[in-house]
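User: I want to go through this protein and ask what stands behind each label. Please set each value against its rule.

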Amino acid sequence: MRRQTALLVETGFANGNSVKAALREILTPDFRLEVLVQTASPEQPLWDEFVDELKRLLQRIDAAVVFLTLFPKSLKQTRTLLETIREVPDLPIVMVADTTEPNDIIELLQAGADDFITLPLQAGNVLPRAWKV
C-alpha cells in the first residue's frame, strides 16, 4: 500500500521543530511528511516567494491533508496561506496552534480551515483528522 502524503506548512511557529517531530512520529508509517518552512517575515519580499513555493509544492505532491501552523500574530498572512491551499479542491486543512481563544479558532475556521488542533500534538487528536480524507 502506498503511503499518503501529509504536508506541514511551518510559518515560524515557536514550537515548529516540536510540531514537525510530533507529526513525524504520529503519522509514520502511514503517511510521508513533507515540510515547507517559511523563514521570511510577511513584510519582506520573500513572502511572495514563499507563497509561490507553496503553490508549486501543492502541484507537485498529492497531499492528503495539510497541517498549517498559525502565523504568529498575523491572521492576514494565515488567510493568504489558507486561500492558496484552498486552490486545491477537497484538500483538508488542519490548523495547528497553541491558542485556545474561541474567537481565533472561529476566525480561522471561517477563513477556510477545516479543523483546528492545539499543542501538544497527540496521536488521538492528529490521526482521526489525517484519516478523515
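**Labels and their rules**

Analyst: The protein has an accessible surface of about 7,200 Å², and carbon and sulfur atoms account for 48% of it. Such areas come from the Shrake-Rupley method with a 1.4 Å probe; for residues, only the protein chains shown count as cover. This is a predicted model: local features need pLDDT of at least 70, side-chain atom pairs count only at pLDDT 80 or more, while totals for chains, interfaces and linings use all residues. Residues are numbered from 1 along each chain as its sequence is written, and side-chain values use heavy atoms, with hydrogens and water left out.

User: How many helices and strands are in the protein?

Analyst: There are five helices and five strands. From the N terminus on, the order is β-α-β-α-β-α-β-α-β-α. The elements are DSSP runs (helices: H or I, at least four residues; strands: E, at least two), numbered from the N terminus.

User: What makes I117 buried?

Analyst: Buried means under 20% relative accessible area, exposed means over 50%, and partly exposed lies in between (1.4 Å probe, protein chains only). I117 has 3% relative accessibility, so it counts as buried. This residue lies in strand β5. In the protein, buried residues make up 47% of the 133 residues.

User: Which residues does I117 touch, not counting those up to four places away in sequence?

Analyst: I117 touches F67, V94, M95, V96, A97, N125, V126 and R129. Contact means heavy atoms within 4.5 Å.

User: Is F116 buried or exposed?

Analyst: F116 counts as buried, because its relative accessibility is 9%. F116 also lies in strand β5. Leaving aside neighbours within four places in sequence, the contacts of F116 are M95, A97, T99, I105, L108 and R129. Among contacts in the protein between residues at least 6 apart in sequence, 69% join residues at least 24 apart.

User: Why is the pair R79 and E107 called a salt bridge?

Analyst: The rule asks for a side-chain nitrogen of Lys or Arg within 4 Å of a carboxyl oxygen of Asp or Glu. The closest N and O atoms of R79 and E107 are 3.3 Å apart, and the pair forms a salt bridge. R79 lies in helix α3 (residues 75-86) and E107 in helix α4 (residues 102-111), so the pair ties together parts that are 28 residues apart in sequence. R79 is partly exposed at 33%. E107 is partly exposed too, at 28%. By this rule the count comes to four salt bridges.

User: How do you know that R86 and D114 form a salt bridge?

Analyst: Their side chains meet at 2.6 Å, N to O. R86 is in helix α3 and D114 in the loop between α4 and β5 (115-118), 28 residues apart. R86 is partly exposed at 31% relative accessibility. D114 is partly exposed at 39%.

User: What is the distance between the closest N and O atoms of D115 and R129?

Analyst: They are 2.9 Å apart, and D115 forms a salt bridge with R129. D115 lies in strand β5 and R129 in helix α5 (residues 123-130), so the pair ties together parts that are 14 residues apart in sequence. D115 counts as buried, because its relative accessibility is 16%.

User: What makes D48, E49, D52 and E53 a negative surface patch?

Analyst: Patch residues have over 30% relative accessible area and no salt bridge; like charges are joined within 9 Å, nonpolar side chains (Val, Leu, Ile, Met, Phe, Trp, Tyr) within 5 Å. Asp and Glu count as negative, Lys and Arg as positive; His and the chain ends are not counted. The place of a charge is CG of Asp, CD of Glu, NZ of Lys or CZ of Arg. D48, E49, D52 and E53 form the patch. E53, in helix α2 (residues 46-60), is partly exposed at 38%.

User: Which peptide bonds are cis?

Analyst: The bond from T28 to P29 is cis, with omega near 10°. So is the bond from L119 to P120, with omega near -5°. P29 is in the loop between α1 (16-27) and β2 (31-37). P120 is in the loop between β5 and α5.

User: Why is D90 called exposed?

Analyst: D90 has a relative accessible area of 79%, so it is exposed. D90 also has a positive phi of about 60° although it is not a glycine. Most residues other than glycine have a negative phi.
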